[in-house]
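Please read it with the structure open.

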Amino acid sequence: MRREILKRFLQGTDHSGRFIVKSKVTGITYFIEPIDNGKPDKLWGDLDPATKKLTGDYGNVRRGAVKTSESMITEENGFVNIRTFKGSPLGEIDRRDRIYEMEN
């Protein structure tokens with residue numbers, strides 16, 4: 001099952017923004033999944049000349065993040081120590097590595 005989750009996690013990363021980082025300090029592997037709870041700032045699509053309405057939903061296709069309901073990082077999928085935070089995930093990993101170095 002773990003291999004299947006890994007394979008699915010890395011599919012469509014251009015759209016989902018998902019990526020994996022392995023800390024060189026601790027050896028911990030972090031699965032990163034940007035969460036987007038809001039709507040896009042601008043609507044994107046094609047303007048239908050007959051109806052003058054916007055068609056397509058291009059603003060939601062390539063968000064570089066997933067909706068909370070699309071998250072794969074769940075306990076059911078075998079993930080532990082799940083945390084959400086604002087800011088850079090790489091900065092958070094560096095912060096955790098510094099704490100680890102100070103404690104050990």
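**Notes on the predicted model**

1. Along the sequence the chain runs α-α-β-β-β-β-α. That amounts to 3 helices and 4 strands. The model is predicted, and the points that follow should be read accordingly. Of the chain's 104 residues, 19% count as buried.

2. The structure contains 3 salt bridges. One of them pairs the side chains of Arg18 and Glu33, at 2.7 Å from N to O. Arg18 sits in the loop between helix H2 (13-16) and strand E1 (19-22), and Glu33 in the loop between E2 and E3, so this pair links parts of the chain that are 15 residues apart in sequence. Arg18 has a relative accessible area of 9% and is buried. Glu33 counts as buried too, at 10% relative accessibility. Both values are under 20%, the limit for a buried residue.

3. Glu92 makes a salt bridge with Arg95, with 2.7 Å between the closest N and O atoms. These two residues are 3 apart in H3, about one turn of the helix. The side chains of Glu92 and Arg96 also meet in a salt bridge, at 2.9 Å from N to O. Here the spacing is 4 residues, again about one helical turn. Through shared partners, Glu92, Arg95 and Arg96 are joined into one network.

4. Arg95 is partly exposed at 37%, and Arg96 is partly exposed at 27%.

5. The largest pocket has a volume of about 1000 Å³. It is lined by 30 residues, and those closest to its centre are Phe31, Ile32, Ile73, Ile82 and Arg83. Elements giving two or more residues to the lining are H1, strand E2 (29-32) and helix H3 (89-103). By type, the lining residues divide into 15 nonpolar, 9 polar and 6 charged.

6. Leu6 belongs to helix H1 (residues 2-9). Its relative accessible area is 35%, so Leu6 is partly exposed; patch members must have over 30%.

7. Most residues other than glycine have a negative phi. Lys52, however, has a positive phi, near 60°. Lys52 lies in the loop between strand E3 (46-47) and strand E4 (54-55), and is exposed, with a relative accessible area of 60%. Asn81 likewise has a positive phi, near 55°. Asn81 is found in the loop between E4 and H3, and with a relative accessible area of 62% it is exposed.

8. Which residue lies 4.8 Å from Ser16, C-alpha to C-alpha, although 48 residues separate the two in sequence? The residue is Gly64. Gly64 is placed in the loop between E4 and H3 and is partly exposed, with a relative accessible area of 27%.

Methods: Residues numbered from 1 in each chain as written. Predicted model: local features only at pLDDT ≥ 70, side-chain atom pairs only at ≥ 80, totals over all residues. Heavy atoms only, no water. Buried < 20%, exposed > 50% of the residue type's maximum accessible area, 1.4 Å probe, protein only. 1 Å grid on protein atoms, 1.4 Å probe; cavity = no way out; pocket = protein on both sides within 12 Å on 5 of 7 lines; lining within 4 Å. Points joined across faces, edges and corners; volume = space filled by probe spheres on them. Nonpolar A, V, L, I, M, F, W, Y, C, P; charged D, E, K, R; others polar. Salt bridge = Lys/Arg side-chain N within 4 Å of Asp/Glu carboxyl O.
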